[in-house]
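Reader: I'd like to learn how to read a model like this one, feature by feature. Could you walk me through it?

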Amino acid sequence: MKLNYNGLIREIMEALDADDIEYLHENAWHIEIGIQLLNGYLKELAERAIATEDFFLIDWCKNLLIITETEESEKGSETA
């Protein structure tokens with residue numbers, strides 16, 4: 001299954017702007033699935049960045065707060 005990121009953001013924005021609670025109820029499931037997929041992709045990206053020691057991606061993941069530094073980070077380890 002693929003994630004349409006722009007479509008997900010558009011759907012979230014439409015749900016936030018909706019005046020009708022029915023619209024929100026009808027689209028909440030799609031938004032939930034999209035967020036779960038996005039979280040899965042981000043976790044995979046963070047784990048790959050750590051495993052390959054790709055410091056560019058690690059910095060991006062840190063900026064997005066996907067990766068946090070632990071006490072062992074001073075020795076070069078991060079957790080996703």
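Predicted model: local features only at pLDDT ≥ 70, side-chain atom pairs only at ≥ 80, totals over all residues.

Reader: What share of the residues is buried?

Author: Buried residues account for 18% of the 80 residues in the protein chain. As for the surface, the chain exposes about 6,500 Å², and carbon and sulfur atoms supply 55% of that area.

Reader: How should I read a pair of helices, and at what angle do the axes of α1 and α2 cross?

Author: Look at the axes, then the handedness, then the residues that meet. Helix α1 covers residues 5-17 and helix α2 covers residues 21-51. Their axes come within 10 Å and cross at roughly 145°. The crossing of α1 past α2 is left-handed.

Reader: Which residues in α1 meet α2?

Author: On the α1 side they are Y5, L8, E11, I12, E14 and A15. Their partners in α2 are Y23, L24, N27, H30, I31, G34, I35 and L38. By class, the residues of this contact divide into 9 nonpolar, 3 polar and 2 charged.

Reader: What does L3 touch, leaving out residues up to four places away in sequence?

Author: For a question like that, list the contacts and then check where the residue sits. L3 touches L8, G34, L37, L38 and Y41. L3 itself lies in the segment before α1. One of those contacts, L37, is 34 residues away from L3 in sequence, yet the two C-alpha atoms are 6.6 Å apart. With a relative accessible area of 24%, L3 is partly exposed.

Reader: Which residues make up the largest nonpolar core?

Author: To read a core, name its members and then ask which elements supply them. The largest nonpolar core has 6 residues in all: A46, A49, I58, C61, I66 and I67. The elements that give two or more residues to this core are α2 and α3, the latter spanning 55-63.

Reader: Let me pick one member: is C61 buried or exposed?

Author: C61 counts as buried because its relative accessibility is 1%. C61 lies in helix α3 and touches L45, A46, I66 and I67, not counting residues up to four places away in sequence. C61 and E47 are 14 residues apart along the chain, with 9.8 Å between their C-alpha atoms.

Reader: I also like to check backbone torsions. What is phi of E53, and where is E53 found?

Author: The thing to look for is a positive phi in a residue other than glycine. Phi of E53 is near 55°, which is such a value. E53 is found in the loop between α2 and α3. E53 has a relative accessible area of 53%, so E53 is exposed.

Reader: And what is phi of L65?

Author: Phi of L65 is near 60°, again a positive value in a residue other than glycine. L65 has its place in the loop between α3 and β1. At 69% relative accessibility, L65 counts as exposed.

Reader: Why does L64 count as exposed?

Author: L64 is exposed because its relative accessible area is 53%, and the cut-off is over 50%. L64 lies in the loop between α3 and β1. L64 and L42 are 22 residues apart in sequence and 9.6 Å apart in space, C-alpha to C-alpha.

Methods: Residues numbered from 1 in each chain as written. Heavy atoms only, no water. Axes fitted to C-alpha atoms, helices over the stretch in contact; angles between N-to-C directions. Helix = DSSP H or I, 4+ residues; strand = E, 2+ residues; numbered from the N terminus. Left-handed = near helix turned anticlockwise from the far one by under 90°. Contact = heavy atoms within 4.5 Å. Nonpolar A, V, L, I, M, F, W, Y, C, P; charged D, E, K, R; others polar. Core = buried A, V, L, I, M, F, W, Y, C linked by side-chain atoms within 4.5 Å. Buried < 20%, exposed > 50% of the residue type's maximum accessible area, 1.4 Å probe, protein only. Areas by Shrake-Rupley, 256 points an atom, 1.4 Å probe, with all protein chains shown as cover.
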